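The following exercises are to be worked through with the sequence and the structure at hand. Each task is followed by a solution in steps.

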Amino acid sequence: MSSQPLASSQASSGRAPELDAVIVGAGFSGLYMLYRMREVLGLNARVFETGDGVGGTWYWNRYPGARCDSESFYYSFTFSPELDQEWEWTSKYPEQPEILRYLDYVADRFELKRDIQLSTRVIEASFDEENDCWRVFTDDGKSITARYLISAVGCLSAANVPDIKGIDDFEGEWYHTGSWPHEGVDFSGKRVGLIGTGSTGIQAAPRIAAEADHLTVFQRTANFSIPARNAPLSAEDWADIRKNYPEIRRVLKSSMAGFPYTLTERSAKDVDDEERTAIYEELWDHGGFKFLWGSFFDIMLDLDANATAADFIRGKIRRTVKDPKVADMLVPTDHPYGSKRPPIDTDYFETYNRDNVKLVDIRKAPIAEITKNGLRTEDSEYELDIIVFATGFDAMTGSLLRMNIRGKGGRTLEDKWAAGPRTYLGLQVEGFPNLFTITGPGSPSVLVNMPIAIEQHVEWISDCIEHMRENGMRRIEANLDAEDAWVDHVNEVASMTLFPRANSWYMGSNIPGKTRVFMPYPGGLVLYGERCQDAVSKGYEGFTLQP
Ligand SMILES: Cc1cc2nc3c(=O)[nH]c(=O)nc-3n(C[C@H](O)[C@H](O)[C@H](O)COP(=O)(O)OP(=O)(O)OC[C@H]3O[C@@H](n4cnc5c(N)ncnc54)[C@H](O)[C@@H]3O)c2cc1C
């Protein structure tokens, strides 16, 4: 790696880049991208990763209760049948340490670590128009050139700590769930404040309540949640899963959302109350994402259809939570079910029946400041020893923008995306040649079981790079008209769904000042995959390839 000063360095004219590709991030995306570049294409790639270990999401999110909510045997790589046979998950929804062990195992199994540089953040990347390559700057003061820059920075990796007055004066400890200390946090005997009731807060609350002296949950938005019904996987389960893995994988890839569930062709409005309730009861007993992806086709399309599911869940919340006043606060009223990322839980609503748990509505009385001893809302003061921010991420664009990417003419990605992210197929951005974004905005990404979306993107990108090599091409860039048409298509599909009806992180609504635009592609994996394939079969339609 060359060490040149940040501002003055650039690849000199005609010089070949040092690497074929720089990949940023060593989670699911970065690991598989490296595997494809090296083992399938035989190229020279290096991964830079901020963390001092691989795993991405599962390296950072070590809070109590952190676990996947896609079933483990769907939430894993599918590219290696050998890996499928070697790895055995202990339960349907394993906790973070097990998922991290899996990703670490994958990195060792395919000898990926030798090309991964840990504890290194990419702080800037500039496109060198003369040499058709990227110069990538890292926080160790060095830089390197690569033909391709592949972002594997993750949709949920830029932690969002809200800007609350007084945080620096707090004399207790505070943590964000997305950058949890490796040594853990001891809650015993402590008064804990948990801010946020999205997927993470819902996972963490029961576990913190069980350990702490007292837990106060500060809720801005009441959320729908479905029980996970986690269970260990027995030897018989495994024999079954192993035998059926090829079929499981086939079904996942041909499904709407990367899960083996099918929406019925019936509308929720076309069945009578008794039958509909029986269907919801069965889905509730099954648990998990099947409630959303295995119910009626119009649940995310029609407000009245959605209301049948929402009312069913509201009824469950009311029956679970003993204090009717608390139940009232926990019943969601301001968004359709599924329009925010749907959490799944283990004893979340039951947690509010504990004597040591208090729920505070911060929509009614917002947080005014953090004090020396705790937190003050507009109508009360709470003494706390520990504050946990389960306040999520600057989703989908945060980590990409924090990389200071400069494309043609020195234009920054931040400038290009000032009115919201614009991509072609979520894979490329006009004005930023040879940059690929794995699960970028405008792709199914966070709306689906992510490893399936990640693999599809990685394979498309590596096939594209192979095509470029075979045809002597050095530059690929999305065309502006293709990008505009894709953004219009994403918006059009989104407007046919109920997703834009919530103030969600899908819309950027959790970050003050962020443009409100629906970022992921809601058309589903199959339709999306067809659009990507279609572009390829028409000679990379919508992209300009140059020798
Ligand atoms: C708590 C939690 C639970 C989840 N559960 C599920 C689930 O059940 N099902 C599901 O489908 N999805 C789930 N997700 C989404 C999850 O993010 C994806 O499934 C998947 O792990 C994403 O992998 P990735 O490699 O694309 O990104 P990540 O795993 O986020 O990895 C990105 C990596 O890039 C690194 N990075 C970022 N910027 C830079 C930089 N400038 N320089 C160097 N390195 C950088 C980060 O440090 C990070 O390690 C969950 C997310 C969270 C937070």
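Axes are lines fitted to C-alpha atoms, for helices over the stretch in contact, and angles run from 0 to 180 degrees between N-to-C directions. The model used throughout is a predicted one.

**Exercise 1. Two helices**

Determine how helix α14 is oriented relative to helix α16, and describe the contact between them.

*Solution.* 
Step 1. Locate the helices: α14 covers residues 450-470, and α16 covers residues 525-537.
Step 2. Consider the axes, which come within 12 Å and cross at roughly 0°.
Step 3. Apply the cut-off: angles under 35 degrees count as roughly parallel. The two helices α14 and α16 are therefore roughly parallel.
Step 4. List the residues in contact. Helix α14 contributes I452, A453, Q456, H457 and W460, while α16 contributes L525, Y528, G529, C532, Q533 and V536.
Step 5. Sort these residues by class: seven are nonpolar, four are polar and none is charged.

**Exercise 2. A hairpin**

Describe the pairing of strand β13 with strand β14.

*Solution.* 
Step 1. Locate the strands: β13 spans residues 367-370, and β14 spans residues 374-377.
Step 2. State the direction: the two strands run antiparallel and are joined by three bridges. In one of these pairings, I367 has T377 of β14 as its bridge partner.
Step 3. Name the arrangement: β13 and β14 form a hairpin, with three residues between them.

**Exercise 3. Cavities**

How many cavities of 30 Å³ or more does the structure contain, and which residues line the largest cavity?

*Solution.* 
Step 1. A search of the whole structure gives four such cavities.
Step 2. The largest cavity holds about 90 Å³ of space.
Step 3. Its lining residues include P421, R422, T423, W486, F518 and M519.
Step 4. By class, the lining of the largest cavity has eight nonpolar, three polar and one charged residues.

Key. Residues numbered from 1 in each chain as written. Predicted model: local features only at pLDDT ≥ 70, side-chain atom pairs only at ≥ 80, totals over all residues. Heavy atoms only, no water. Helix = DSSP H or I, 4+ residues; strand = E, 2+ residues; numbered from the N terminus. Parallel < 35°, antiparallel > 145°, perpendicular 65-115°, else oblique. Contact = heavy atoms within 4.5 Å. Nonpolar A, V, L, I, M, F, W, Y, C, P; charged D, E, K, R; others polar. 1 Å grid on protein atoms, 1.4 Å probe; cavity = no way out; pocket = protein on both sides within 12 Å on 5 of 7 lines; lining within 4 Å. Points joined across faces, edges and corners; volume = space filled by probe spheres on them. Pairing = 2+ DSSP bridges.
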